[in-house]
Amino acid sequence: SELEIAIKACMKASDITKQMLTFSKGGAPRTEIASIKDLVLEAAELNSHGSKLKINLEIDDSIPAVEVDVGQIHQVFGNLIINADQAMPGGGCLSIRVTHGSLSEESEKRGDRNAVIIEFEDHGCGIAEDEIDLVTDPYYTTKADGTGLGLSTAFWIIQRHHGRLSINSIVGQGTTVRIALPRSSKVLSDAKEPQHCATDRGEY
């Protein structure tokens, strides 16, 4: 129900605020073993509710767990979903894909699969090529009435998780933000049996 979603959003916002205070003071992420699939699904539900944004999900069910600060990663995913929504004010589709991958281009060429890859692809206004390197600056923004804290915060959170965030964008065509996070050798204690279908697809 809408009330349940509102309550969940308030509780998550409170948790994120506490986590971001730790982040802003320079503290290391307070990590725990978590399911990226669950984090993506929850972020999609909370941050697309009430908007014109449609979210298509493609999630490989064989993705391993990650060791992350859950509040901070929620902040990253939420920022990226909100950015996509703002880039397509008339409505549009955001594709979120979760797959196996590598932390670096070098390890990718070797065929290593040491990371979980999360891609956010929209078809909005895009970012000019000469501005892409600036979006991680907390004092720079492409929005006339906002701040650039969303992408800069996302970039530094992923850095502190020993991951990698990259942006590929074409003005007038859209933006893809690609996040690589180290996979964990640990297993979730309440891990479910693998699904028969290799990919979980859904829409919000």
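This is a predicted model: local features need pLDDT of at least 70, side-chain atom pairs count only at pLDDT 80 or more; totals for chains, interfaces and linings use all residues.
Figure 1. Helix 2 itself covers residues 36–48, which makes 13 residues. From its first C-alpha to its last, helix 2 reaches 18 Å. That is close to the 18 Å expected at 1.5 Å a residue. Which residues of helix 2 are buried? They are Ile36, Leu39, Val40, Ala43, Ala44, Leu46 and Ser48.

**Figure 2. Val40 and its contacts.** Val40 is one of the buried residues of helix 2. Leave aside its neighbours within four places in sequence, and Val40 is in contact with Leu57, Ile59, Phe77, Ile96, Val98 and Ile118. Val40 also belongs to the largest nonpolar core, where it is among the residues with the most contacts.

**Figure 3. The largest nonpolar core.** How many residues does the largest nonpolar core have? It has 40. Those with the most contacts inside this core are Ile36, Val40, Phe77, Ile96, Ile118, Phe120 and Ile179. Helix 3 gives the most to the core, with 7 residues. In soluble globular proteins, nonpolar side chains tend to be buried together.

**Figure 4. Helix 3 among its surroundings.** Helix 3 has 18 residues. Its span from first C-alpha to last is 26 Å, close to the 26 Å expected at 1.5 Å a residue. Is helix 3 largely enclosed or largely open? Of its 18 residues, 14 are buried, so helix 3 is largely enclosed by the rest of the structure.

**Figure 5. The Phe77 and Phe120 rings.** The structure holds 2 aromatic pairs. One of them joins Phe77 and Phe120, with 5.5 Å from centre to centre. Their planes stand at 45°, and the pair is tilted. Phe77 lies in helix 3 (residues 70–87), while Phe120 lies in strand 5 (residues 115–121). The pair therefore ties together parts that are 43 residues apart in sequence. Both Phe77 and Phe120 are buried.

**Figure 6. The Phe155 and Trp156 rings.** Here the ring centres of Phe155 and Trp156 are 5.0 Å apart. The planes meet at 85°, so this pair is edge-to-face. Are the two residues buried or partly exposed? Phe155 counts as buried, because its relative accessibility is 19% and the cut-off for buried is under 20%. Trp156 is partly exposed, with a relative accessible area of 43%.

**Figure 7. Arg30 and Val68.** Arg30 sits in the loop between helix 1 (2–24) and strand 1 (32–34). Its relative accessible area is 47%, so Arg30 is partly exposed. Along the sequence, Arg30 and Val68 are 38 residues apart. In space, their C-alpha atoms are 7.3 Å apart.

Figure 8. Where does Gly111 lie? It lies in the loop between helix 4 (105–109) and strand 5. Gly111 counts as partly exposed, at 43% relative accessibility. Gly101 is 10 residues away from Gly111 along the chain. The C-alpha atoms of these two glycines are separated by 8.3 Å.

**Figure 9. His162 in its loop.** His162 is found in the loop between helix 6 (149–160) and strand 6 (164–170). Is His162 buried or exposed? It is exposed, with a relative accessible area of 65%. His162 has a positive phi of about 60°, although it is not a glycine. Most residues other than glycine have a negative phi.

Figure 10. How many disulfides does a search of the whole structure find? It finds 0. Cys93 is partly exposed, at a relative accessible area of 22%. Cys125 is partly exposed too, at 48%.

**Figure 11. The protein chain behind the close-ups.** The protein chain has 6 helices and 8 strands. Along the sequence, they follow the pattern α-β-α-β-β-α-β-α-β-α-α-β-β-β. Of the 204 residues, 41% are buried. Take the contacts in the chain with a separation of 6 or more: residues 24 or more positions apart account for 75% of them. The accessible surface comes to about 11,300 Å². Carbon and sulfur atoms hold 51% of that surface.

Conventions: Residues are numbered from 1 along each chain as its sequence is written. Side-chain values use heavy atoms; hydrogens and water are left out. Helices (H or I, at least four residues) and strands (E, at least two) are DSSP runs, numbered from the N terminus. The expected span of a helix is 1.5 Å times one less than its number of residues. Buried means under 20% relative accessible area, exposed over 50%, partly exposed in between (1.4 Å probe, protein chains only). Rings of Phe, Tyr and Trp (its six-membered ring) pair if their centres lie within 6.5 Å; planes under 30 degrees apart count as stacked, over 60 as edge-to-face and the rest as tilted. A nonpolar core is a set of buried Ala, Val, Leu, Ile, Met, Phe, Trp, Tyr and Cys residues joined through side-chain atoms within 4.5 Å. Contact means heavy atoms within 4.5 Å. Accessible areas come from the Shrake-Rupley method with a 1.4 Å probe; for residues, only the protein chains shown count as cover. A disulfide is a pair of cysteine sulfur atoms within 2.5 Å.
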